[in-house]
Amino acid sequence: MSGGEVAGILVAVFWAILVSFLAVALARLAQTLRATTKLVADVTDQAVPLLADASAAVRSAQTQIDRVDAIASDVQEVTSNASALSTTVASTFGGPLVKVAAFGYGVRRALGGRREDAPPAKAPRRTVIVGRTVTRRSARDKRD
């Protein structure tokens with residue numbers, strides 16, 4: 001056997017080993033691609049109903065937001081009407097009611113002054129010192 005034949009046999013064995021490794025790698029890659037394809041299909045099958053549910057929820061939320069917006073505008077209108085009514089009532093009845101109350105106060109004071117000549121007695125002033133209540137005596141109380 002010559003050196004060229006040995007070299008040819010070595011190259012052939014090397015190529016056979018290389019092709020075997022490539023075949024194994026391609027077989028594993030094919031398995032991985034099949035598993036990935038199956039996984040993507042399963043995710044797609046589960047994602048489509050979830051997206052449909054999410055879309056329905058968003059539509060429902062939009063409907064509720066529209067209702068709340070309508071309610072808020074109605075409340076704003078009622079508030080402005082109540083404010084206008086309050087202003088009208090205050091301007092219509094406020095002045096005469098104040099006059100009647102002042103007249104009643106004056107009448108009570110005038111009638112009360114005729115019954116009693118002495119002013120009402122004042123309660124003694126109190127001071128709190130470290131949790132105790134002390135009654136102060138005014139100069140008038142000390143004289144008595």
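**Exercises on a predicted model**

The structure, which is a predicted model, holds 1 aromatic pair.

**Exercise 1.** Determine which residues form the aromatic pair and classify its geometry.

*Solution.* Step 1: The partners are Phe14 and Trp15. Step 2: Their rings lie 6.2 Å apart, centre to centre, and the cut-off for a pair is within 6.5 Å. Step 3: The angle between the planes is 70 degrees; planes over 60 degrees apart count as edge-to-face. The pair is therefore edge-to-face.

**Exercise 2.** Decide whether Phe14 and Leu10 count as buried or exposed.

*Solution.* Step 1: A residue is exposed if its relative accessible area is over 50%. Step 2: Phe14 counts as exposed because its relative accessibility is 53%. Step 3: Leu10 has 57% relative accessibility and therefore also counts as exposed.

**Exercise 3.** Locate Leu10 in the secondary structure and name the surface patch to which Leu10 contributes.

*Solution.* Step 1: Leu10 belongs to helix α1, which covers residues 3-115. Step 2: Together with Met1, Val6, Ile9, Val13, Ile17 and Phe21, Leu10 makes a nonpolar surface patch of about 740 Å².

**Exercise 4.** Describe the order of the elements and the confidence assigned to the helices.

*Solution.* Step 1: The protein has 2 helices and 2 strands, arranged α-β-β-α from the N terminus on. Step 3: For the protein, the mean pLDDT is 84, and 78% of the residues reach 70 or more.

**Exercise 5.** State what share of the residues counts as buried and describe the accessible surface.

*Solution.* Step 1: Of the 144 residues, 0% count as buried. Step 2: The accessible surface is about 13200 Å², and carbon and sulfur atoms account for 65% of this area.

How values were computed. Residues are numbered from 1 along each chain as its sequence is written. This is a predicted model: local features need pLDDT of at least 70, side-chain atom pairs count only at pLDDT 80 or more; totals for chains, interfaces and linings use all residues. Side-chain values use heavy atoms; hydrogens and water are left out. Patches are made of residues with over 30% relative accessible area and no salt bridge: like charges are joined within 9 Å, nonpolar side chains (Val, Leu, Ile, Met, Phe, Trp, Tyr) within 5 Å. Accessible areas come from the Shrake-Rupley method with a 1.4 Å probe; for residues, only the protein chains shown count as cover. A salt bridge is a side-chain nitrogen of Lys or Arg within 4 Å of a carboxyl oxygen of Asp or Glu. Helices (H or I, at least four residues) and strands (E, at least two) are DSSP runs, numbered from the N terminus. Buried means under 20% relative accessible area, exposed over 50%, partly exposed in between (1.4 Å probe, protein chains only). Rings of Phe, Tyr and Trp (its six-membered ring) pair if their centres lie within 6.5 Å; planes under 30 degrees apart count as stacked, over 60 as edge-to-face and the rest as tilted. pLDDT is the predictor's confidence in each residue, from 0 to 100.
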